[in-house]
Amino acid sequence: MKSIVVVSSLTGNTLKVGDIVAYALEENMTTVKVEEMPDVSDYDLVVVGCWVDRATADARAQEFIKTIKNKKVAFFVTLGAEADSEHAQVCLKNIGALFDESNELVGQFICQGAVSLRMMEVMAKRFPAGHSHAMTDERKKRMEASHSHPDMADLQAARAYFADLKQRLEG
Ligand SMILES: Cc1cc2nc3c(=O)[nH]c(=O)nc-3n(C[C@H](O)[C@H](O)[C@H](O)COP(=O)(O)O)c2cc1C
């Protein structure tokens with residue numbers, strides 16, 4: 001099975017996950033940047049890594065996803081919220097729906113990724129108290145809790161998930 005792992009990452013979280021995903025699928029494989037918009041016609045499995053931007057895939061990933069047709073596809077995602085939150089489920093659903101119906105969606109994986117300090121500063125400045133996105137103490141705490149992710153457990157879970165997917169597809 002010939003696979004490609006295409007990653008969109010702004011601050012590095014998704015790239016970290018992508019590195020272990022590529023390894024799980026093929027020992028010598030490395031990731032391809034989404035900016036390259038690779039031609040995937042020669043691949044059996046196209047894996048897309050993206051980060052969550054307003055509850056769906058970031059714009060660059062969306063643009064690439066649109067080009068994929070008639071493939072087995074899988075995706076992995078990092079987001080600022082907890083991976084077991086309702087928000088994470090909504091994001092998975094939204095991102096899954098971006099793929100053309102001619103594809104077969106064979107796998108999806110999500111884990112938390114640090115919300116950058118820069119993003120936190122921007123939010124704190126942009127949204128006044130009372131705004132639904134305002135930087136409350138609780139929101140600040142939650143975002144600070146994201147800063148250790150993706151951690152070793154996240155990376156191990158990603159490796160296990162994609163090693164299992166490979167076995168399922170080749171088995
Ligand atoms: C503009 C912007 C919008 C974001 N929107 C969300 C969101 O809707 N939900 C969420 O859980 N995290 C959100 N995040 C957090 C990122 O998805 C998260 O930090 C991700 O791991 C970043 O991945 P990267 O390091 O590969 O760029 C947002 C981050 C940015 C910069």
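Q: Hey, how many residue pairs are in polar contact across the interface of domain 1 and domain 2?
A: The rule finds four, with both residues at pLDDT 80 or more. A polar contact is a pair of N or O atoms within 3.5 Å; within protein, one must be able to donate a hydrogen and the other to accept it, and residues adjacent in sequence count only if both atoms are side-chain atoms. This is a predicted model, where local features need pLDDT of at least 70, side-chain atom pairs count only at pLDDT 80 or more, and totals for chains, interfaces and linings use all residues. Residues are numbered from 1 along each chain as its sequence is written, and side-chain values use heavy atoms, leaving out hydrogens and water.

Q: Where are the domains divided?
A: Domain 1 covers 3-114 + 149-170, and domain 2 covers 115-148; the bounds come from an automatic or database domain assignment.

Q: And how many residues are in contact there?
A: Nine residues of domain 1 are in contact (heavy atoms within 4.5 Å) with seven of domain 2.

Q: What area is buried between them?
A: About 540 Å², with carbon and sulfur atoms giving 51%. Buried area is the accessible area (1.4 Å probe) that two parts lose on being put together, summed over both. E82, A114 and H149 supply 64% of what domain 1 buries against domain 2, more than any other three residues.

Q: Which residues is T56 in contact with?
A: Leaving aside neighbours within four places in sequence, T56 contacts W51, Q62, N94, I95 and L98.
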